[in-house]
Structures are given as C-alpha cells and as structure tokens.
Amino acid sequence: NSVKQEHIIVIPADNGKMKKKKKSGNARVPCRARGMPMAHNFKTAYFNIPPNIQHGDELLCSFPACRSAGAKFRYCLHCKVP
C-alpha cells in the first residue's frame, strides 16, 4: 500500500515583466556609535554613502535615536569610512 508522492514546484518565467530593483550606487556602512541601545545594530543603524561623497562630508545615521542624540560623523576619503 505504498503510494509514491511527487511534489511539483512551479517557478514563473520572468519574460522581462518583473520589476528589478534599481541599484542606487550607494554603499551601506554600519554605524559604530557607542552607548546606543541594543536595537542600534548593523541592520538598523547605517550610513548610505553616495559614490560622489567628498572628504569631510557630514553623515547621518539611519537610526532615529542616534540622529536625535546629536552624534556627528564625517566621511574620510582617504580611509573610505565614517
């Protein structure tokens, strides 16, 4: 009484109709501010760095509490980090 079961997985064809996510060219770098809550992590606290950034440009962390705390970060073109 053994019945063989088969599973079929259907993957829809793209056909160029599905929207592709546009790459903005920005680099995402984690914020390393100290003294922040546990929710301030690499997924929630980061800087978006555009390709045309200049040395000394001010950066804002994506985490609201970090921004409102007045933490200031500047980009170093030589080190390529905030």
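**Close-up views of a predicted model**

The accessible surface of the protein comes to about 7,500 Å², of which 55% belongs to carbon and sulfur atoms. All views show a predicted model.

**View 1. Overall fold of the protein.** The secondary structure consists of 1 helix and 4 strands, arranged along the sequence in the pattern β-β-β-α-β. Of the 82 residues, 18% are buried. Among contacts between residues at least 6 apart in sequence, 26% join residues at least 24 apart.

**View 2. The largest nonpolar core.** This core has 12 residues in all. Its members are V29, C31, A45, F47, I49, I53, L59, C61, F63, C66, F73 and Y75. In soluble globular proteins, nonpolar side chains tend to be buried together.

**View 3. Surroundings of F63.** F63, a member of the largest nonpolar core, touches P37, A39, H40, T44 and A45, leaving aside residues up to four places away in sequence.

**View 4. Cysteine sulfur atoms.** The count of disulfides in the model is 0. A disulfide requires sulfur atoms within 2.5 Å. The cysteine sulfur closest to that of C31 is in C61, at 3.7 Å, and is therefore too far for a bond. C31 is buried, with a relative accessible area of 9%. For C76, the closest cysteine sulfur lies in C79 at 3.6 Å, which is likewise too far for a bond.

**View 5. R28 and the ring of Y46.** R28 lies over the face of Y46, at 3.7 Å from the ring centre. As for pairs between aromatic rings, a search of the whole structure finds 1.

Key: Residues numbered from 1 in each chain as written. Predicted model: local features only at pLDDT ≥ 70, side-chain atom pairs only at ≥ 80, totals over all residues. Heavy atoms only, no water. Core = buried A, V, L, I, M, F, W, Y, C linked by side-chain atoms within 4.5 Å. Buried < 20%, exposed > 50% of the residue type's maximum accessible area, 1.4 Å probe, protein only. Contact = heavy atoms within 4.5 Å. Phe/Tyr/Trp six-rings, centres within 6.5 Å; stacked < 30°, edge-to-face > 60°. Lys NZ or Arg CZ within 6 Å of the ring centre and 35° of its normal. Helix = DSSP H or I, 4+ residues; strand = E, 2+ residues; numbered from the N terminus. Areas by Shrake-Rupley, 256 points an atom, 1.4 Å probe, with all protein chains shown as cover.
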